[in-house]
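Hi,

Here is the structure I said I would pass on. Have a look, and my notes follow below.

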Amino acid sequence: MSLQTVLHLVGSPVDEFHAELSRLYAGASIAALDDPRRYRTRIAYVAPGGRWCFPDDLSPEGLSAAVDMSLPQALSHIDQLSVDVMVPQMFCLPGMTAYRSLFDVLGVPYLGSSGDVMAIGADKARTRAIVGAAGVSVPEGRIVRDRTRTDLTYPVVVKPVSADNSVGVSYVRCDEDYGPAVDDALAYGDGALVESYVELGREVRCGIVVRDGNPVCLPLEEYTVDATTKPIRTREDKLARTDTGALYLVAKDDDHAWTVPVEDPVTERVWDAALACHDALGCRQYSLFDFRIDPHGRPWFLEAGLYCSYAPGSVVVTMARAAGIGLDQLFADALAELDRGRTACASPS
């Protein structure tokens, strides 16, 4: 096997929170995939504000020692690296969309869905419309851009149209709480999605990886929710900080998340819905979808999370491990699938 140059695209031009989140996942991924016999690891880092650098590592010392570059300088440097594959590690909206598309222009292949597909996945209204048209159950919803009341019956869930990690998400029981919830959601964009609340039930996430050209559903991950005390998952259920201020992932212990046995009756129903979502959105190599399970066992689509960092703690990697697929194999499969897709595109019809 020839040595491949793997470029990890890290950071965020938007703000330090997204840059820190990116460093958290990317650092773990780079360490876990460290194999000099197979991969020549390189890092491209985009700092808040948009300046680039190419550090040896993601430590504060490594970042400060790296030469600061403009976009044209960075593109020239990337060309000199002879990159075989780019691994997207950016979680802000521009990072998931425009920066992926930039590598399309450069002709550098990358893992995961295209920037266009990521833009759809980041827009909850567009995503639910597409998967709903594919026959997947979605809660009834309305888009609002101010405090205008909808015709939906309480309780409802109010969330930003374009935001991740459950920021700006509220469970609303009455008119008194509705206005502040909409204001909170609109702080993260120009639109808020108001959805009918799906009674619990359960809440699960389904990951899909493509192997040998076929989408394969992984064991579900279930999350702590309670109809009375925790009707929805919030940002605090996903990310938190230590006493020293370091960012860490909350939903990685048995109190917050666990693997659903494959023989659980809900598994097949969620798998069917997830496969329909994957196909309808045009996902590549992997995908991830959240579902609410009502008291009758019916899955309802909540949102798509179309990213995988290949860090040991990332959700797709955790699910794959439960299916007996180690991280090294998961990454190798993704590279093979990328090659398969490129070969198919290059083959004459």
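This is a predicted model: local features need pLDDT of at least 70, side-chain atom pairs count only at pLDDT 80 or more; totals for chains, interfaces and linings use all residues.

To start with a residue: in which helix is the place of L106? The answer is α5, residues 98-106, where helices are DSSP runs of H or I with at least four residues, strands are E runs of at least two, and both are numbered from the N terminus.

Numbering runs from 1 along each chain as its sequence is written, and side-chain values use heavy atoms, leaving out hydrogens and water.

Back to L106: it counts as partly exposed because its relative accessibility is 32% (buried is under 20%, exposed over 50%, partly exposed in between, with a 1.4 Å probe and protein chains only). Leaving aside residues up to four places away in sequence, L106 touches L75 and I78 (contact: heavy atoms within 4.5 Å). D123 is 17 residues from L106 along the chain, and their C-alpha atoms are 26 Å apart.

Now the sheet. It is open and mixed, with 4 strands in the order β3-β2-β1-β4; strands pair if DSSP finds at least two bridges between them. β3 (52-53) and β4 (85-88) are at the edges with a single partner strand each, so one side of each has no neighbour in the sheet. β1 (residues 4-11) and β4 run parallel, joined by 4 bridges, and H8 sits opposite V87 in β4.

Cheers
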